[in-house]
Amino acid sequence: MDGPNISVDIRLAPNYFPREEYGIVEELPNLVTPGEVLPFAKYLRGHGTYVNDKRELIASVAGVITTIDDHVSVVPLKSRYSGAVGDVIVGRITEVQQKRWKVDTNSRLDSVLNITNVNLLGGEHRRRSEADLLAMRNFLREGDLISAEIQAKQRDDTLVLHTRNLKYGKLSQGILVKVPPHLIKTSKLNFHNLPYGASIIIGSNGYIFVGPTMNEDESTGGYVQNLNPIPLPERQVIIRLRNCVELLSQSQIMIFDTTVTKCYEASIDLGYNIKDLILPEVIRDVASVVRSQVEEIVVET
C-alpha cells in the first residue's frame with residue numbers, strides 16, 4: 001500500500017544578505033560588553049554601570065554607551081518593559097490573589113490589578129463587597145488576556161494597573177503577538193479598527209492583540225466576551241495581520257498602525273499567501289517595500 005503524499009520544502013541559506021538594509025555597520029564604537037572598562041573615569045555612574053575596587057567605571061550589561069551632562073550609562077540592547085504612568089498595555093492574568101490579580105505585562109515583575117481598579121459587571125459604580133471578592137474569578141481568571149492602563153509605578157518597579165475606562169477589560173477571541181518593547185512607537189492611540197475587518201491593540205509593553213473588529217458599544221463594562229464563531233475570511237485577515245506584525249519585528253521596523261497597514265497591503269500587492277509571510281525571502285521583500293513607503297511618508301511630512 002502506498003503511503004500518503006507529503007510535500008517537503010527544503011531551503012538553503014540565502015546568498016543575498018543586504019547588510020545596509022538591516023542597518024548593519026562594520027564598527028560600533030559605543031557598543032560595550034559586561035565587564036568592559038568605560039573611558040569615563042570622571043563621570044558619575046548611571047544605569048548599566050558600576051565602580052570596581054580600582055575606582056574604574058565598568059559596564060554591567062551589553063549595550064550602547066550614552067552620556068547626559070556628567071552622567072554615563074549603558075542602555076541594554078534587550079531589556080524588559082519598564083513602563084510609565086499612562087501607558088496602555090496588553091497583559092495576561094497569571095494569578096488570582098486576595099483583592100487583586102497578578103498580570104504578566106512583559107516587565108521584570110508581575111504587575112498588579114486591584115479589584116478597586118476594575119469596573120463591575122455592566123459598568124456599575126459602587127463599593128466592592130464581600131460578594132465581589134468571592135466572585136473575582138467571574139471577572140478575570142488565570143489565562144485571561146486584558147487591556148489596561150498603568151496607574152502607578154511602585155518603588156520596586158511593580159506596575160499598578162487599572163481598567164476603569166470601559167474600553168479596557170477582558171479581551172475576547174484573537175491572537176497575542178509578542179515583540180520587543182523598543183519596537184513599539186509611542187502613540188496616543190493604541191486601539192485601531194482596521195478597514196480589513198479586524199482590529200489591533202498595540203500595547204506599549206510589546207504585547208499586541210489582533211482580533212475581530214471591536215464593537216463600538218462600550219456598555220458591557222469590558223467583561224462580556226463574544227464567543228461566536230469567526231467567519232473564515234475574518235480569520236484569514238487576522239492571521240495575515242499577525243504574520244505582518246511578526247515580519248515587522250524580525251525586520252526591526254518600528255511597529256504602529258501605519259507600518260502594520262503598509263505591510264498588510266504590500267503582502268497582498270506582491271501576491272504572497274498568508275503562509276508565505278514566514279519565509280526569509282518574503283520577509284526581506286515585504287520589509288523592503290514597507291521601509292521605502294515609510295521613508296516617503298517621513299519625507300512628505
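Where is the place of T158? T158 sits in the loop between β10 (145-153) and β11 (159-163), where strands (E, at least two residues) and helices (H or I, at least four residues) are DSSP runs numbered from the N terminus. This is a predicted model, in which local features need pLDDT of at least 70 and side-chain atom pairs count only at pLDDT 80 or more, while totals for chains, interfaces and linings use all residues. Residues are numbered from 1 along each chain as its sequence is written, and side-chain values use heavy atoms, with hydrogens and water left out.

With a relative accessible area of 7%, T158 is buried; that word means under 20% relative accessible area, against over 50% for exposed and partly exposed in between, using a 1.4 Å probe and protein chains only. The side chain of T158 is joined to that of D156 by a polar contact of 3.0 Å, a term for a pair of N or O atoms within 3.5 Å, of which, within protein, one must be able to donate a hydrogen and the other to accept it, residues adjacent in sequence counting only if both atoms are side-chain atoms. Neighbours within four places in sequence left aside, T158 is in contact (heavy atoms within 4.5 Å) with L109, D110, S111, V112, A152 and K153.

Next come the strands. Strands of a sheet pair through backbone hydrogen bonds, either parallel or antiparallel, and here two strands are taken to pair if DSSP finds at least two bridges between them. Two bridges join β1 in the antiparallel sense to strand β5 (residues 63-68), and V32 has G63 in β5 as its bridge partner.

Elsewhere, strand β14 (residues 191-194) runs antiparallel to strand β15 (residues 198-202), with four bridges between them, and F191 has I201 in β15 as its bridge partner. Three residues separate the strands of this hairpin, in which G197 takes a positive phi near 95 degrees.

Y168 and F191 form a tilted pair, because their ring centres are 6.0 Å apart and their planes stand at 40 degrees. Y196 and Y264 are stacked, at 4.1 Å centre to centre and 20 degrees between the planes. Since Y196 lies in the loop between β14 and β15 and Y264 in helix α4 (residues 257-269), this pair ties together parts that are 68 residues apart in sequence.

Last is helix α3 (residues 232-250), whose 19 residues should span 27 Å at 1.5 Å a residue, in agreement with end C-alpha atoms 27 Å apart; the expected span is 1.5 Å times one less than the number of residues. Among the buried residues of α3 are V237, I238 and R240, and after α3 comes Q252, with a positive phi near 60 degrees.

Terms used: Phe/Tyr/Trp six-rings, centres within 6.5 Å; stacked < 30°, edge-to-face > 60°.
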